[in-house]
Structures are given as structure tokens and as C-alpha cells.
Amino acid sequence: MSITSFDHFIETLEPVPPELQRNFTAIAELDQKTREFLKRVDECVKEYMITTKTTDRLSLYKESIDLLEKARLSTDDKVELATQTYDLIDKHIRRLESLSGAQNINQQGSDETETSSTKSGQRKGAHKGNESPESRTVTPKPFTVDMPPDPNEPRYCTCQQVSFGEMIACDNKDCPIEWFHFPCVDLKSKPKGKWYCPECYNANKKWKQRY
């Protein structure tokens, strides 16, 4: 990898952090909107179940359908934005791998040429001073890009981390946490039937024992 190519690559990274920050913020806002839409849908369903007026029930039904459509569109936008963010990062990673591959090929060719010259010099007694062949070998330092977690990304589970891997939702609609990572609740596969998190399960068990 030439210095010019590497410097150019570093320059292309400069606008990436602000763009990632904008994308993560937009994803968080879309996620919040979706939650609000679905929360209102739950309220409409509850009102629908207790009201007796046909006009009110019809109005609540139409509102629920409209809210579900808005939630779907918001989710689609969030997925599209997440895909764009992934592609942005992947593009730069592939570029870095390409440059690193070129560096390794050039370095290998240089090492082979240098080794051949060293052996020839040793045969002719041309090796001078205390310099050894190893002292002239250049080992490129690895280049790593650390991506800090977005502070605006929603947190889930008892570990209060972002969404990753397989997750499961507690079937208690009033669960304060709602979503959990499989490893955090000792799950290896999705259980059959309803599932309650340890906190809700214990609370429900105590309530049954009391009454």
C-alpha cells in the first residue's frame, strides 16, 4: 500500500462518523415513532372492546388500521436506513482489505527479493557490518477501525445493551423491559407457547401465592 493510497483512504473516512451518527439518530427516531404507533393501537383495541356504539367502534377500527400502516412504513424506513448504514461500513472495510492485500503482495515480493539478495551476498561474503537480514525486514502494523456504540440507539434486556443476536419478548404486556437477549435469560432456542421473563414470572408467582 503506497503512502498516497493510504492517505487517500484516511481522507475518505473523515465524513463517515458524522454520517453514521445521523443514520443512528434517524433509526432511533423511527424506532420511537413505531413504538408510539403500536402503543396507540393497543389503546384503540382496549377502547374498542369496551365501547358499544357502532360509530365509535368503526372509528377506532379505522384508526388502528391507519396506525398499523404508519408503523409498517416507519419500520420499512428503519430497515432501509440500517441497510444503507451497513453498506457504508462494508464498503470501507472492503476498500481497506483491498489495500491491505496489495500491501501484503508488495511486501512478499520485496521480502523474496531481499532474501535472494541476502543469500547471494552471504555466498560472496558481501554482507557488511552488524546489519542482519532480519533487521531490514519491515512488518506492516495492522490498521483497525473501532466503531463506538451509538449512545442514541435503544437499549434492551437486563444487560441494557443494544439489540443483537436472537431476542425474545416477554408476553407480559406491562413488562418494563419487554425484549431480552437469548443468552441473558439462558435460552438457546425459542420456547413453545407463552414466555415470561424471570422478573415477571416471579412477580406473577408471588401474586398467585398471595391470592
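**View 1. Cys175 and the annotated set around it.** Cys175 sits in the loop that connects β1 and β2, where strands are DSSP runs of E with at least two residues and helices are runs of H or I with at least four, numbered from the N terminus. The model is predicted: local features need pLDDT of at least 70 and side-chain atom pairs count only at pLDDT 80 or more, whereas totals for chains, interfaces and linings use all residues. Residues are numbered from 1 along each chain as its sequence is written, and side-chain values use heavy atoms, with hydrogens and water left out. Cys175 is buried, its relative accessible area being 10% (buried, under 20%; exposed, over 50%; partly exposed, in between; 1.4 Å probe, protein chains only). Beyond its neighbours within four places in sequence, Cys175 contacts Cys170, Phe180, Cys197 and Cys200, contact meaning heavy atoms within 4.5 Å. In the unreviewed UniProt entry, the annotation "binding site" covers Cys170, Cys175, Cys197 and Cys200; UniProt positions follow the numbering used here, feature names are shortened, and annotations may be inferred rather than shown by experiment. These residues span 31 residues in sequence, yet no two of their C-alpha atoms are more than 8.3 Å apart, so they gather at one spot. From this set, Cys170 and Cys175 belong to the lining of the largest pocket.

**View 2. Cys200 in helix α4.** Helix α4 comprises residues 198-210 and contains Cys200. Cys200 is buried, with a relative accessible area of 8%. With neighbours within four places in sequence set aside, Cys200 is in contact with Cys170, Asn172 and Cys175.

View 3. Cys159 is placed in the loop between α3 and β1 (167-169) and is partly exposed at 28% relative accessibility. Not counting residues up to four places away in sequence, Cys159 touches His181 and Cys184. His181 belongs to strand β2 (residues 179-181) and is buried, with a relative accessible area of 0%. Among the residues that His181 touches, not counting those up to four places away in sequence, are Tyr156, Cys157, Cys159, Gln161 and Glu166.

**View 4. The largest pocket.** The volume of the largest pocket is about 1,300 Å³. On a 1 Å grid over the protein atoms alone, a pocket is an open set of points with protein on both sides within 12 Å along at least five of seven lines, and lining residues have an atom within 4 Å of a point. Its lining holds 36 residues, with Asp31, Arg35, Tyr156, Glu178 and Trp179 nearest the centre. Elements giving two or more residues to this lining are α2 (16-50) and α3 (54-124), and α2 gives the most, with 13 residues. The largest pocket lies between domain 1 (3-102) and domain 2 (167-208), because both give residues to its lining; domain bounds come from an automatic or database domain assignment.

**View 5. Glu19 in helix α2.** Helix α2 contains Glu19, which counts as partly exposed at 31% relative accessibility. Glu19 and Thr85 are 66 residues apart along the chain, and their C-alpha atoms are separated by 8.6 Å.

Definitions and conventions. 1 Å grid on protein atoms, 1.4 Å probe; cavity = no way out; pocket = protein on both sides within 12 Å on 5 of 7 lines; lining within 4 Å. Points joined across faces, edges and corners; volume = space filled by probe spheres on them.
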